[in-house]
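I opened this entry to look up a helix pair, a stretch of sheet and a pocket. My notes follow in the order I checked them.

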Amino acid sequence: MADTAPPGTSTPLRTVELPVHGMDCGDCVRNVRRAITDLPGVRDVAVTLAGERAEVTLDPARTRVAEVRRAIERAGYACPMPGASSERASENAATGSERAAATTRRAMTLMGLIFAAVLIVVVIGEGLGLLDAVTDRVPPWVGALLVLAFGWPVFRNVARNALRGRIVSHTLMSSGAMAALAIGEWATAALVVFFMRVGDYAESFTTERARRSLKDLTELAPRTARVEREGTERELPVEQLRVGDVVVVQPGEIVPVDGEVVSGAATMNQAAVTGESMPAEAGEGSRVFAATLAQLGSLRVRATG
């Protein structure tokens, strides 16, 4: 958290970071940002999907942090207390290698399920007339109940956003499913709902992979940095660094911040960030990234972020 007082104001602004769970797409990010921005006293909002966080600059005299949490929850997302968030992050960091293996298995399983689902629906359902046969045998009201039960999470989210005057990614498809139910084509509505749920799962899966990759990368970065201030080197927590600080990186150390090399030269292992296995040479004027390794040589890096 940080406090800043703009010229002409008596109450300093406050910047807070809040965890936001349940976001799966760009629409979710926009919904969370809009919900927070609508509060009085909020000056700036930055929401990150992969990081599951919202950074809010507000006037504490007009809006409290608790009100921001309630706004996020009213928008349909979870905003746990910091303790719960830290505990969750610790659990995620503790099983990195196991998580990577599980993610790969899930990716293969997901692709197999999607392929099988499309094959079954297209070949068996349409080609062999299975959908028509099922429609003839199942009463329309039973089919409608099945569609509503299976699609309830999607329909609930669409309705909740519609009440707030918002259109989300599933609004149009949900309208189509409702129209199909209205004319008695519950099997068609079921297909629409099925593909919406499969799409949701695929989107949630890929988003979670991005979040985990970001968290794993964050865990690689050091917690402290050797900073030059007032002519001396100080060991400070990374959170206390400011843009423009000059950080000293010795051979074998990990770069703690994104920045520009002001002096020195080193061979950098950037595989953790770029995926490139070949080392890269860094010298004066080069850009370096947090969580990369200075294998040979030392650097003085000016923090840019």
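**Helix pair, strands, pocket**

The model is a predicted one. I then listed the residues in contact: α6 contributes Val147, Leu148, Ala149 and Phe150, and α7 contributes Trp152, Pro153 and Phe155. Sorted by class, this contact has 7 nonpolar residues, with no polar and no charged ones.

Next I turned to the strands. Which strands does β4 pair with? I found β2 (residues 13-19) joined to β4 (residues 53-58) by 6 bridges, running antiparallel. Strand β3 (residues 42-48) is also joined to β4 by 6 bridges, and these two run antiparallel. I noted Val56 of β4 as the bridge partner of Val16. Val45 also stands opposite Val56.

Last, I checked the second largest pocket, which holds about 490 Å³ of space. I counted 23 lining residues, and those nearest the centre are Gly22, Asp24, Pro153, Asn157 and Asp200. Pro153 I had already recorded in the contact of α7 with α6. Which helix gives the most to the lining of this pocket? I found that α7 does, with 7 residues. At least two lining residues each come from α1 (26-37), α7 (152-163) and α9 (186-220). By class I noted 8 nonpolar, 8 polar and 7 charged residues in the lining.

Notes
Residues are numbered from 1 along each chain as its sequence is written. This is a predicted model: local features need pLDDT of at least 70, side-chain atom pairs count only at pLDDT 80 or more; totals for chains, interfaces and linings use all residues. Side-chain values use heavy atoms; hydrogens and water are left out. On a 1 Å grid over the protein atoms alone, a cavity is a set of points where a 1.4 Å probe fits but cannot get out, and a pocket is an open set with protein on both sides within 12 Å along at least five of seven lines; lining residues have an atom within 4 Å of a point. Grid points are joined across faces, edges and corners, and a volume is the space filled by probe spheres set on the points. Helices (H or I, at least four residues) and strands (E, at least two) are DSSP runs, numbered from the N terminus. Ala, Val, Leu, Ile, Met, Phe, Trp, Tyr, Cys and Pro count as nonpolar, Asp, Glu, Lys and Arg as charged, and the others, Gly among them, as polar. Contact means heavy atoms within 4.5 Å. Two strands pair if DSSP finds at least two bridges between them.
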